[in-house]
Protein chains: 2
Amino acid sequence: MPSIKCLSIQVDPRDNVAVVVNAGGLPAGSVLDDGTELVEQIPQGHKVALVDIAQDAPVLRYGEVIGFARKGIARGHWINEEMLRMPEPPALDDLPLATRKAVEREPLEGYTFAGYRNADGSVGTRNILGISTSVQCVAGVTDHVVGRIKRELLLRYPNVDDVVALNHGYGCGVAINAPAAIVPIRTLQNLARNPNFGGEVMVIGLGCEKLRPQRLVAPPSLPGQETAQTVHSSILSLQDERFSGFNAMVESIMELAQTHLEKLNRRTRESCPAADLVVGMQCGGSDALSGLTANPAVGFAADLIVRAGGSVIFSEVTEVRDAIHLLTPRVIDEETGRALLLEMAWYDDYLSRGQADRSANTTPGNKQGGLANIVEKALGSIIKSGSSPIVDVIGPGERLRRKGLTFAATPASDFICGTLQLAAGMNMHLFSTGRGTPYGLAMVPVIKVASNSRLAGQWFDLIDVDAGRIATGDASIAEVGWEIFRLILDAASGRTLVAAERLGLRNDLVLFNPAPVT
Amino acid sequence: MPSIKCLSIQVDPRDNVAVVVNAGGLPAGSVLDDGTELVEQIPQGHKVALVDIAQDAPVLRYGEVIGFARKGIARGHWINEEMLRMPEPPALDDLPLATRKAVEREPLEGYTFAGYRNADGSVGTRNILGISTSVQCVAGVTDHVVGRIKRELLLRYPNVDDVVALNHGYGCGVAINAPAAIVPIRTLQNLARNPNFGGEVMVIGLGCEKLRPQRLVAPPSLPGQETAQTVHSSILSLQDERFSGFNAMVESIMELAQTHLEKLNRRTRESCPAADLVVGMQCGGSDALSGLTANPAVGFAADLIVRAGGSVIFSEVTEVRDAIHLLTPRVIDEETGRALLLEMAWYDDYLSRGQADRSANTTPGNKQGGLANIVEKALGSIIKSGSSPIVDVIGPGERLRRKGLTFAATPASDFICGTLQLAAGMNMHLFSTGRGTPYGLAMVPVIKVASNSRLAGQWFDLIDVDAGRIATGDASIAEVGWEIFRLILDAASGRTLVAAERLGLRNDLVLFNPAPVT
């Protein structure tokens, strides 16, 4: 018998599996606390049967059915993804809506960060000149200009943190009147209104593109959203006849940039309550520990933000779809519940038109990390949302309307979800990962939380928080949750630069375009 | 009566419209050569009725019906897009296949360029280290590495022109088993095999992504394509356990890059026949002169390349769809004709699933430029293909199989079409434009041809060839066609840098992904 300490976690007393926590996995012969003896080597994050499971019997984790045994599985055996038949996703027509009474929790007062307050009431965590674009065609020019602004202008505006071109693959060669085109269009409109751009919107267009640059600064059509009066916009199109050649274009853009830089440079940080935080939650490269360590800690932090009066966004339709029955009771009213179900149904249909379903979500990395299927992944994923009531549901690319916890329907793709959460108006991003990713965004700080200490140690300069300490008993979920909350306040204030900022790592904006291209 | 010289073009004797050519348009009262007197001001590139056209009567340009008059149009009136009812696209089930006997044309011999010959027989026009990526997640790291290679390494390898990261929005969060996922996957596989990368493929992956990095260097599955033995590939995944932190990843990538740079640096230019050219044809920001000046000149050059034994690719399904009856007679055999029709039908269906059709193609710029609808645009667009037989049809993202003129089915979106033509293996790109675009690609030189002299003059440093001289009678189609052909040889040889290269303008790679994202 090996003498190492056997670490494993059974989440719910109903579960007939536990997850191995030891960094190197556990060898055959290891004995768990409940007396289960491993009959084979089981890797970290993978499941072991705690009882004999008969053929076709349910396998339970988080107290929920994550699959049915294809064959009988004896106690102590490794349960990998091949051994489970996946359940059907919950039907959408008979779910309890708004049935769970919200737990009254004490408001959290006195927590502040130093932010840039905007005219529309939103608060920036960075002070960035955003150069929005109406079409990919102009990307060569905007990249050139951004390079020149960084080299020639930025030093003269010490209060401005950065200049970012919002390059993207949309704008021309697209079916702009197809119903689903509203998604990329409103995403671009709302990206330019992210609080970190301070209401200064500069749009570079070409002139002949389908997406008119004017549309990017049009007032939003949805009631309850701020009007465009709080946004100072300027538009410049390269085909404008006053431009004689490339240098004339560039000089004009540089001049325009200076007028915006001067205004941005007058912004200064002031003390803002934590209620002004808008934190986007995401996970990527998840493993089986994600749902036990990083996501519960992120969820704990989400609850703290909501208690402080702030806004939390969670997303990723295919990663909530199989756990939707756990979310519909949490919505604040039936209307919000129906909005949530509509987003699920829209995505089911979208995937089915492409001859796919939500099972296309899981990745090879998820499976190597011990996640058998999308059901198990979804159960671990929704924990990021904490336990607050869901006060609103917004569609992909829409802007946040309410404080509290909002579900923003987005794909689960890290970079697409991130782009859409930026459009929703997030000013801080929390990202949990088990396998590891260098993910970063140019527009807001991304705090990366590792689900296991192996990753946190190996990627010491890429990971901001080690939630693996929860699995080893070295920290509680609450402790790591508070640590994350305090780091959010520090990073939002610019006192702390997150790993991705220190290393200058930033992913591209990737739009969600469910409409065809032409 | 104004005393200016009235320039207009009637393309085909059957046409009942002519196009105004004068740079400022023509005022009311102007009299054309055939005696038609303009009854109103007509802008450049726009159409004038040469006879009285009755309500519902066909309006003809290029000898083809581009629409039906919604109301009667008197001679001398401006015909704008509002006045035409668009015809249905040609039905696909009854078109003549391979009925036009190819005109025998003398082979063009003795034309050469200085290129980099590759082991698989292809020839590069630039010598570039390509860093392919399997997923967007790694883009922050590859961008960082490309910056360091440029600053620290490239000077030591004087024969290497550049280093380019193939960042893209694919790889994770995608329905990788959906039938249409084959399109982005083979595009990425074939992009890495572009001749300008010299058979040295370096792939940076993350480790947990759906698109396994190994798939990017897998041998192609289609018969008749080269095997992967001619490609030297190396793969590095950031999640590899040997990397302790960011700097370790970067150092390993830098080391790997050096081994590839050393091999690339041994490449030298040698004299290659024009038969080794693979020229992708595209138009963007078209106006009504595009079909009269730039595209005919590009088509003339296309014929020269084919006569020299080279390869020409033309594309853009929605811009050939309405002129498909003019292409099906030109295919080399019925099988190729059926392949062409299948691509049209696939795209009809793809658009229709998104509640759009090919009429979504035309842009505001097209209409301002005098193109009434997609029918008129398509008739002007296919002229780029010249008059050679169509020897092959390939799907989006596929690699070229034959010399001669190939139709590569792609969207018409400039940057998506360009990305797919790079995957097809082009080593030179010809791009015609009426409204103007700063379009450029990192992987191959893009020659930009203006359809009108106003644009060529105004954008003197962005445009390579002024085909507007054809409209004013200052040059013939053949003269400009030969000029383009010679410029292709000079640019391919690196003797001439094209405008986009001189200015460092490069658009992003944008993949065509008709499958859903998750």
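This is a predicted model: local features need pLDDT of at least 70, side-chain atom pairs count only at pLDDT 80 or more; totals for chains, interfaces and linings use all residues.
Residues are numbered from 1 along each chain as its sequence is written, and chains are lettered from A and ligands numbered from 1 in the order in which they are written.

The elements I name are DSSP runs numbered from the N terminus, with helices (H or I) of at least four residues and strands (E) of at least two. Two packed helices are described by the angle between their axes and the distance between the axes; the axes here are lines fitted to C-alpha atoms, for helices over the stretch in contact, with angles from 0 to 180 degrees between N-to-C directions.

For helix H5 (residues 294–307) and helix H12 (residues 477–492) of chain B, the angle is about 60° and the axes are 8 Å apart. H5(B) and H12(B) are therefore oblique to each other, given that angles under 35 degrees count as roughly parallel, over 145 as roughly antiparallel, 65 to 115 as roughly perpendicular, and the rest as oblique. Contact, throughout, is between two residues whose C-beta atoms, placed from the backbone, lie within 7 Å. On the H5(B) side the contact includes B:Phe300, B:Ala301 and B:Leu304, and on the H12(B) side B:Ile484, B:Phe485 and B:Ile488 are among the residues involved. By class, this contact has 13 nonpolar residues, one polar and no charged, with Ala, Val, Leu, Ile, Met, Phe, Trp, Tyr, Cys and Pro counted as nonpolar, Asp, Glu, Lys and Arg as charged, and the others, Gly among them, as polar.

Which residues touch the most other members of the largest nonpolar core? Among its 346 residues they are A:Ile484, A:Ile488, B:Ile484 and B:Ile488, where a nonpolar core is a set of buried Ala, Val, Leu, Ile, Met, Phe, Trp, Tyr and Cys residues joined through C-beta atoms within 7 Å. Buried means that 20 or more other C-beta atoms lie within 10 Å of a residue's own, exposed means 12 or fewer, and partly exposed lies in between, with the C-beta atoms placed from the backbone. Setting aside neighbours within four places in sequence, A:Ile488 is in contact with A:Leu277, A:Val279, A:Ala301, A:Met428 and A:Ile447.

A:Met428 also leads us to A:Val444, which sits in the loop between E19 and strand E20 (446–450) of chain A. The C-alpha atoms of A:Val444 and A:Met428 are separated by 5.8 Å, although the two are 16 residues apart along the chain. A:Val444 is buried, with 28 other C-beta atoms within 10 Å, and its contacts beyond four places in sequence include A:Thr125, A:Asn196, A:Leu422 and A:His429.

A:Leu422 is one of the buried residues of H10(A), a helix that is mostly covered, with eleven of its eleven residues buried. Among the elements covering them are helix H2 (182–191), strand E15 (278–283) and strand E19 (428–433) of chain A, and the helix is followed by A:Gly425, whose phi is positive, near 110°.

In chain B, the axes of helix H2 (residues 182–191) and helix H10 (residues 414–424) come within 7 Å and cross at roughly 60°, which makes H2(B) oblique to H10(B). Here the crossing is left-handed, and the contact is made by B:Thr187, B:Asn190 and B:Leu191 of H2(B) with B:Thr419, B:Leu420, B:Leu422 and B:Ala423 of H10(B).

Finally, the contact between the chains takes 73 residues from chain A and 73 residues from chain B. On the chain A side, the elements giving two or more residues are helix H1 (139–153), helix H7 (334–353), helix H8 (364–368) and helix H10 (414–424), of which H1(A) gives the most, with four residues. By class, that side has 36 nonpolar, 27 polar and ten charged residues.

Technical notes:
A crossing is left-handed if the near helix is turned anticlockwise from the far one by less than a right angle, and right-handed if clockwise.
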